[in-house]
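Please read them with the model open.

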Amino acid sequence: MATGRRSGSRGDAIVLLLLIVAAGSIYTNATNFQPVSDSHRSAAVEIFTPVDGSFESIEETYEAVQTFKILGIEAKPDVRVTACTSVSEVLGASSSPLKELFYALKVSSLLKCDGSQFEATASRLKSIPSNAKSLNDLYYSIAALVLIKNQSPEADVLLDDADGVFQAIKALSQSDGRWRYSSDNPASSTYAAGMALEALAGVISLATKDIGKSRINVVKSDILKLFDSIEKYDDGTFYFDDKSGTVSSLATTSSVVQGVTAFASAASGTLNLPEDKILGLTKYFLSIGIPGDAKEFFNQVNSVSCLENSRVSIPLILTLPATVISLTKKDKLKVKVTTALSSRSPPLSVKVVSASISGSKDVSVIENQELVFDEEGALHVLDLPASIDVGKYIFVFEIVFHNSKDGKIYAPGGQTKVPVHVSGTIKIEKFEISVLDSDVGSIDTQKQLNFETENDVSLDANHLQKLRLSFQLSTPQGNAFKPHQAILKLKHEKAEHIFMIGNSGKHFQVILDFLGLVEKFFYLSGRYDIQLTVGDTVMENSFYQAIGHVELDLPEAPEKAPRPPLQSVDPFLRYGAKGEISHIFRSPEKRPPENLSLAFLVLTLLPFLGFLVGLLKLGLNLKNFPSASVPAMFAILFHVGIGAILSLYALFWLKMDLFTTLKTLSLLGAFAMFVGHRILSHVASSSSKLKSA
């Protein structure tokens with residue numbers, strides 16, 4: 001029986017999932033990248049949460065404080081006191097590793113901690129670069145000296161042998177632009193290249209005289225070689241891979257970006273890197289979304305900040321606040337151009353170079369159309385032409401600077417492709433279902449359907465007849481529309497069958513010849529519920545509708561006919577909440593009056609009182625109690641055991657259950673029997689000695 005046009009089930013969920021997956025796989029080279037936004041700020045406060053007012057390490061402290069600074073977060077945790085205390089401890093300890101000194105100075109530069117220890121730290125670090133044997137030592141010592149120089153200009157941090165240190169770092173480079181960690185390790189690393197470039201930038205900053213231009217140009221050539229090995233995804237994003245498998249692509253790309261931007265800022269002249277690769281690196285970081293890991297979050301935000309504040313070129317991100325435009329609501333196409341950190345762009349115009357149906361590059365519905373700039377919302381807006389129809393489009397945008405000098409500072413990346421869904425209401429007409437006679441094809445039964453209301457048709461058919469379902473779909477412009485999914489489902493209590501509905505232009509039709517389907521239907525006669533699904537990402541009135549049912553009369557199944565598969569059990573029915581169980585407890589039995597119970601208690605105590613009186617009459621004494629220490633101990637333990645057994649009886653009467661009582665009694669009984677046997681043996685031995693005497 002039909003349950004309405006919006007009835008849901010697992011089949012409905014599966015169909016919708018197919019629609020979503022299909023929509024996401026339509027575009028391979030067009031993506032709408034979103035810049036850093038308030039969502040990142042909210043996530044940063046949650047990810048970087050101190051414990052008891054501090055972070056676990058000085059490195060985590062730097063990453064948190066630097067992230068808060070880049071994102072401009074005001075409501076951040078106050079860790080200055082604890083962080084500066086940690087900085088003072090690290091700088092004051094002579095055994096602090098170079099890496100901890102480096103991060104302590106990083107934190108100090110951000111929080112403006114006390115710099116009284118900078119001179120001593122500088123004197124310790126200054127001799128390390130000339131004698132360092134590994135890239136790690138060179139990197140951390142040089143970077144730490146640069147940090148001291150920036151915080152305390154009067155400190156003596158300049159390198160007398162800067163040229164020699166520069167050459168020592170350059171000696172670790174490889175012909176492909178990668179670097180080695182040490183001369184003893186032949187393996188090269190892209191991640192190490194980023195460290196080396198940042199160290200070289202530090203040497204330039206710490207040199208007492210300028211590094212030779214030829215040496216600078218050689219390093220610039222190495223950077224170009226490094227960019228020749230850059231990897232690319234289909235969506236236009238670029239990234240670096242370390243190849244070793246020990247460092248992630250995000251960490252490697254972040255290292256290279258920090259190294260390249262640091263070197264470009266320190267070295268003289270310009271570093272001419274391909275604009276599309278700079279923009280592609282930025283898009284790579286943005287494509288990650290919001291990482292859940294603190295280290296990855298820092299690498300993303302810090303790298304984007306390095307690119308935005310570098311001397312190479314500042315990437316501009318063209319994004320659409322909404323990639324679904326409704327013709328029904330008369331939405332406008334809106335474009336926003338900002339930097340990766342959502343800063344405003346310089347004066348510019350945005351132009352639609354072309355807009356074509358996805359998969360059809362030859363037909364363009366919009367060409368060379370400039371968008372109107374809305375100053376209030378900082379958006380570029382375009383009213384879609386009346387001729388545009390529903391569908392999936394690829395819009396190609398181009399940025400044009402009003403000032404030609406901005407083209408040397410910013411990197412718009414040429415033309416940008418963005419997928420756009422233009423949605424609307426699809427007209428559904430001539431919606432009908434029929435039962436046909438198989439021999440001549442004449443209509444036996446025909447029902448008109450209306451997808452906007454509930455349908456509950458009831459049909460009868462046998463194996464010599466056919467079932468036909470047909471309808472027409474057209475766009476708001478009257479063009480033929482082919483949805484991504486048009487599915488007819490016949491569902492029996494023991495099996496279900498799905499049929500795809502084909503089309504010819506606007507006309508959609510499926511004919512089921514039951515004579516050829518008896519085996520597929522497992523010769524199961526009876527009621528088959530009819531369900532229809534028509535859906536697409538641009539079809540605003542997509543629907544999943546129960547149409548009604550058909551009573552199907554099929555012949556008896558032969559002996560070797562296939563049997564229907566076992567139907568999967570809905571996990572919600574198996575593991576979902578069960579119905580509440582109501583227990584009916586037996587009414588408590590009627591108890592005697594309280595006075596009668598107390599009188600009975602007194603009567604039960606009378607024999608015990610008689611026992612005590614009898615003991616007194618018999619002249620109970622302790623004359624035969626053993627005097628020797630060991631027999632006396634066993635005698636005491638025996639009486640304790642008897643007392644414990646009596647106490648156990650009392651506990652059983654008051655609250656203990658039978659099984660616990662029996663288990664405890666077995667232990668106490670064994671104990672009492674052991675010590676009782678020893679004391680009785682002693683008594684028997686003493687008695688025999690007394691008689692013999």
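1. Ground rules. This is a predicted model, in which local features need pLDDT of at least 70 and side-chain atom pairs count only at pLDDT 80 or more, while totals for chains, interfaces and linings use all residues. Residues are numbered from 1 along each chain as its sequence is written, and side-chain values use heavy atoms, with hydrogens and water left out.

2. The mixed sheet. Five strands form an open sheet with mixed pairing, in the order S6-S14-S12-S8-S9. Helices (H or I, at least four residues) and strands (E, at least two) are DSSP runs, numbered from the N terminus. Two strands pair if DSSP finds at least two bridges between them. The edges are strand S6 (324-326) and strand S9 (364-370). Each has a single partner strand, so one side of each lacks a neighbour in the sheet. Neighbouring strands are turned by 30° against each other on average, direction ignored. Axes here are lines fitted to C-alpha atoms, for helices over the stretch in contact, and angles run from 0 to 180 degrees between N-to-C directions.

3. A pairing inside that sheet. Strand S8 (residues 348-357) runs antiparallel to S9, and 5 bridges join them. Which residue of S9 is the bridge partner of serine 354? The partner is glutamate 367.

4. Threonine 416. This residue lies in strand S14 (residues 415-423), a strand of the mixed sheet. Is threonine 416 buried or exposed? Its relative accessible area is 7%, so threonine 416 is buried. Buried means under 20% relative accessible area, exposed over 50%, and partly exposed in between (1.4 Å probe, protein chains only). Not counting residues up to four places away in sequence, threonine 416 touches Lys283, Leu318, Phe395, Val396 and Phe397. Contact means heavy atoms within 4.5 Å.

5. The antiparallel sheet. Another open sheet has 5 strands in the order S16-S15-S18-S22-S21, with antiparallel pairing. Strand S16 (443-448) and strand S21 (502-504) stand at its edges. Each has a single partner strand, so one side of each is without a neighbour in the sheet. From one strand to the next, the twist averages 25°. Strand S15 (residues 427-437) pairs with strand S18 (residues 465-474) over 9 bridges, in the antiparallel sense. Leucine 436 stands opposite lysine 466 in S18.

6. The helix pair. Helix H11 (residues 213-228) packs on helix H12 (residues 249-266) at an angle of about 150°, with axes 12 Å apart. That makes the two helices roughly antiparallel (under 35 degrees counts as roughly parallel, over 145 as roughly antiparallel, 65 to 115 as roughly perpendicular, the rest as oblique). H11 contributes Ile216, Val219, Lys220, Ile223, Leu226 and Phe227 to the contact, and H12 contributes Val256, Val260 and Phe263. By class, the contact has 8 nonpolar, no polar and 1 charged residues. Ala, Val, Leu, Ile, Met, Phe, Trp, Tyr, Cys and Pro count as nonpolar, Asp, Glu, Lys and Arg as charged, and the others, Gly among them, as polar.

7. Threonine 67. Helix H3 (residues 58-71) holds threonine 67. Threonine 67 is buried, at 1% relative accessible area. Leaving aside neighbours within four places in sequence, threonine 67 is in contact with Ala44, Phe48, Phe297 and Phe298.

8. Lysine 99. Helix H5 (residues 98-111) contains lysine 99. Lysine 99 counts as partly exposed, at 37% relative accessibility. Beyond its neighbours within four places in sequence, lysine 99 is in contact with Glu59 and Tyr140. Its C-alpha atom is separated by 76 Å from that of glycine 516, 417 residues apart along the chain.
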